[in-house]
Amino acid sequence: MSATLGTIFNIQKFSIHDGPGIRTLVFFKGCPLRCLWCCNPESQSPELEHGYNPDKCFGCGRCVARCSHGVLSLKEDRTLDIRRDLCRAECPDCVKVCPDKALVFYGKRYTVEEVLKVVEQDALFYTRSGGGLTVSGGEPLMQPEFLLALCKEARRRRIDVAMETSGFASEDVFLSVMPWVGYLMVDVKHMDDETHRRVTGVSNRPILSNLRALRREFPNMPLRVRTPVIPGVNDSEENLMATSEFARSLGAEYELLAYHSMGRSKYRSLGRPYPMGDAELSKEAFASLREKVSSL
Amino acid sequence: MKRAQTPVSYRRPSHLRRRISLIASSRPRLLMDRAVYFTESMKETEGEELPLRWARALVHALERVPVELSPDELLVGSLGSGRYGIFYPELDSVFVEGEAFDPEEFFLSERDMELVRDRVLPYWRGRTYPELFYAELPDEIRNLLYIDDDPFHPAFIVQETATVRHSLQWALDYSKVIRRGFRGIAEDAERMKEMSSDPSKRSFYTAVAELCRGIRRFSERFASLAEEQALGANTEEFRENRLELAERCRRVPWEPSGSFVDALQAQWITQMVSRMEAEYGGNVSNGRMDQYLWPLYRHDRENGLLTEQRAREYLDDLWCHIAQFVRLKPSPTGAKIYEDLAHWEFTTLGGMLPSGEDATNELSYLLLHSASEFPLDYPYVGIRIHRDTPEAFLRDVCRVTQRNDVSPVLFNDETIVARQRANGATLEEARDYCGSGYSEARLINRDTYFVGATWLNLPAVLEMALRDGFCSPNPCRRMGLPTGAAADIRDFSSLMTCFRRQLLHILDLSFRQQAILERLRPQIIASPLLSSLHDLCMKHGVDVAAGLVPEGRSIGGFLGIIGFATVVDSLAAIDTLVFRERRLSLPELLDILAANFEGHEDVRQLCLNCPKYGNGTAWVDAIGRDIDRMLLKRARSEVNAYGGRGEIFYVPVKAHIAMGRVSGATPDGRFAGNNFSFGVTPSLLVGKLGPTVSLSSEMAVQNPDIPSLGARVMFSTLLPGQACGEAGLETLMSVIRTWCRQPHWFLRFQILTPAELTVLRNSPYEYNSLFLNIPGFNSQGYSFPSAAFSFKCPLHEAR
């Protein structure tokens, strides 16, 4: 069964900056990395989980009445207390009764067919723009069987597939989907293994070696290496130059992405602190880094 | 062969900059002179045929109204130096006599008012279109149109606009004036008169000939002004300029135009006379400018007689003239449905030639740039897009969209040409159609229907189905049929049955009142200028206002549907909450709506979060398709006295604001008084899946087996991130290319951030500071007309 069901937390239409043309983004839930700056914290856990926005909540208590596992209770100020550890996510009745979606479930199980049904709503627009489906996450490679099934079926239906990935997976898994992927975007967060471990929780070695393997096995795969520039983490010129050099050695395009804190409210809805605090990346600093990298 | 021009930077000379800022800062003023002279002549000509009387009255006014020429003007033809509108007593005099009329709002002096009271109003008492219409109305229709039978108090359930304007909308065949001059037309008329023995035809041809000569004298009056200015000129350059101008005014539009500038001058004088002859919905259109001006433009450019800079200066001046003339409506209906001085002088660019080849030329690019870089919200530009629209032109259109945060109006040639063909046009005729008014397509030498459209408040019809025939715009009286109490509606299909019965009933009344308007119009209105430029009218010696023109293609009454998405979403919400999920009963929901959701924000959120039209939800789109089908079937079974079939169009203009304002809360989560949805655009109340899905949904609500000639207005909202940079440009282009291959009619992009959308959505009244060039959005309350301002305000500058 697991081969046909995938956990998806969002499907986003009309995206134009994640691969060529007009694309539909399918966000896989679950990620092996724990980047401090992650702007989609709801993508990290592979399990379904509650998201809650106390500002929208009326405190009507409809959801509490529906929960038989003691997950939800109303606090004194009529906002919810959520025991996420008790929730088995088998009975999403609680979110169905919420009048304005203050309480939601991040994540939904889809079959390949269901995902492609949504993706194909825009089929007309892919043809003329050169767009298609982009699998993203979380980390799509965390659900390799579903990913493979999805990519194969999309290709069979003549839908172009692009993939955004951290590249963190076993080489077998990483290479197994590539025959069906038409465009690959990989984030290289840091070239130094030690720092990479500190800020993402994992080593960068599999990522770098996977990319080399990709070039060996699929020398013509269009590849874009990207680095999200995070203030105080990887914004040193030295590191970015090294990454850029690496990308060039792979014959890949290289792009810097600016840090933003738009994910902050999502941490709140998951009841977690925001790890980046008040860090900011000034426009000027980013522009000058970009300048330097592109002048290489 | 057709190539994009490298953009040459245009420097607007100081006199034009001065002219533009003077116009922008001036308060619009209602001019009474045309009314005075028009009335004077009408008194004298009682007993003659109407077209002749109209032509004589118009000539009488053309020879006498004060004309002005400012030293900054490059083209002549204005009646004042700032912004002005014209008072049309044959439509509006009854409203000037009303108590609510405030001369101060229209910048009228005591003397103006005295003049009008003495010399204009008495003659028109009992003779105006609104009065005659009112007198003819049977009780049940009068109740529907007005609150307490008060013609000053429209109910906005069914709203006619035939008595608000002389004519629906139109684009004159300017090419005739340019190629042959009014002399050619006058000579034709005189020759035809000789050949005809029918007194009514002879009278029509006389009217045309007299009018053509009158236009010549009108133009010569400006020549005298220019000559006077030449005498007092303090530079040689200015003196030569004025003499050149005087020479031009003595020649065109009487003689054929010899240069590009001649043609622009002839076009504007013709348009100005047309504006004095009659008031069109949103002003008379500019027609296919890049076609009729092209031969002379090419000639002048090839012979080194004209630079691009010079051409753009003259075009700027033409846009200034257009911006100076505003529609000021003293009638309460006119003020509300044309709120904010709404205007659309449709300027058609691109498209196909009658042969089917692409029609884009160098002038198309120039006009596009000139119009989009003009700092005032003029002119209204529409681009005809077809499969072979050149890449470079499409790219320029998309660049303009990026820069102004709003695209020119896009017309889908593939759809429109096919629909014209299915309605009796030849292929060549159909390909040469012309954008007109807000979103219509016209065959300017074939179409003959000119009676103003009627707008229908569709959400009010839904209320009637829910409330046993009652609705919020006029709650004291049963407007619809007694279809039973809400408690007795047990399932969705019985609700749809009630809705259908109410709808058919209201449509019936709407077409009946339209028939009255159609019957009365030929006795009240004549259009000799329009007719003189219409092939069929000249051939058969009939004024187009007569209604039935031999060989002409008449359309039946146009019925404009307001609040389409509001109704579809409301029905979807009722089906979801009441019948499928049984969260509350129908009477409970109605009570909450009656209280405008007060104390029931949770229910409003439930309503807002129900499935909505525009998100590719098949069963919701099916509701829309059913309604569209009911409307089209009924309308096209209607054949009017002119032999035309009724049509449904989804063109709200500003009526969605006026009708929304008097209507109660709706089950889609809309508060009482807020705007209804716009055209067939999905409602902006909730987040959507994006532009591609809403375009697909719009396709899903259509009934392609019924080739309707009615326009379907569709706006597509993009986030700035979805349209920025080179990727955004490519995306816009590919969306348009895809759209063009689908059965859509109209598309306009607007680029807004989610925050801006939220603000606009939540405070439709307070959002005054920004005049957006987006008819779907700007809602400035009743501040008509003084607060209306028409600077283009690209959002990114306001952000």
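Mentor: Taken over C-alpha atoms, the centres of domain 1 of chain A and domain 2 of chain A are 31 Å apart. Domain 1 covers 5–46 + 108–295 and domain 2 covers 49–106; such bounds come from an automatic or database domain assignment. This is a predicted model, in which local features need pLDDT of at least 70 and side-chain atom pairs count only at pLDDT 80 or more, while totals for chains, interfaces and linings use all residues. Residues are numbered from 1 along each chain as its sequence is written, chains are lettered from A and ligands numbered from 1 in the order in which they are written, and side-chain values use heavy atoms, with hydrogens and water left out.

Where the domains meet, nine residues of domain 1 of chain A contact eight residues of domain 2 of chain A, contact meaning heavy atoms within 4.5 Å. Between them about 730 Å² is buried, and carbon and sulfur atoms give 45% of that area. Buried area is the accessible area (1.4 Å probe) that two parts lose on being put together, summed over both. Of the area that domain 1 of chain A buries against domain 2 of chain A, 60% comes from Arg268(A), Ser269(A) and Leu270(A), more than from any other three residues.

Three salt bridges are counted between domain 1 of chain A and domain 2 of chain A; a salt bridge is a side-chain nitrogen of Lys or Arg within 4 Å of a carboxyl oxygen of Asp or Glu. Six residue pairs, both residues at pLDDT 80 or more, are in polar contact across this interface. A polar contact is a pair of N or O atoms within 3.5 Å; within protein, one must be able to donate a hydrogen and the other to accept it, and residues adjacent in sequence count only if both atoms are side-chain atoms. The side of domain 1 of chain A that touches domain 2 of chain A has two nonpolar, three polar and four charged residues. Here Ala, Val, Leu, Ile, Met, Phe, Trp, Tyr, Cys and Pro count as nonpolar, Asp, Glu, Lys and Arg as charged, and the others, Gly among them, as polar.

Now the salt bridges in general. Over all chains the count is 81. One of them joins Arg216(A) and Glu171(A), with the closest N and O atoms 3.3 Å apart. Arg216(A) lies in helix α8 (residues 205–217) of chain A and Glu171(A) in helix α6 (residues 171–176) of chain A, so the pair ties together parts 45 residues apart in sequence. Helices (H or I, at least four residues) and strands (E, at least two) are DSSP runs, numbered from the N terminus. Arg216(A) is exposed at 54% relative accessible area, whereas Glu171(A), at 33%, is partly exposed. Buried means under 20% relative accessible area, exposed over 50%, and partly exposed in between (1.4 Å probe, protein chains only).

In chain B, Arg384(B) and Asp413(B) form a salt bridge of 2.9 Å, N to O. Arg384(B) sits in strand β5 (residues 381–385) of chain B and Asp413(B) in helix α19 (residues 413–422) of chain B, 29 residues apart. Arg384(B) is buried at 1% relative accessibility, and Asp413(B) is buried at 0%.
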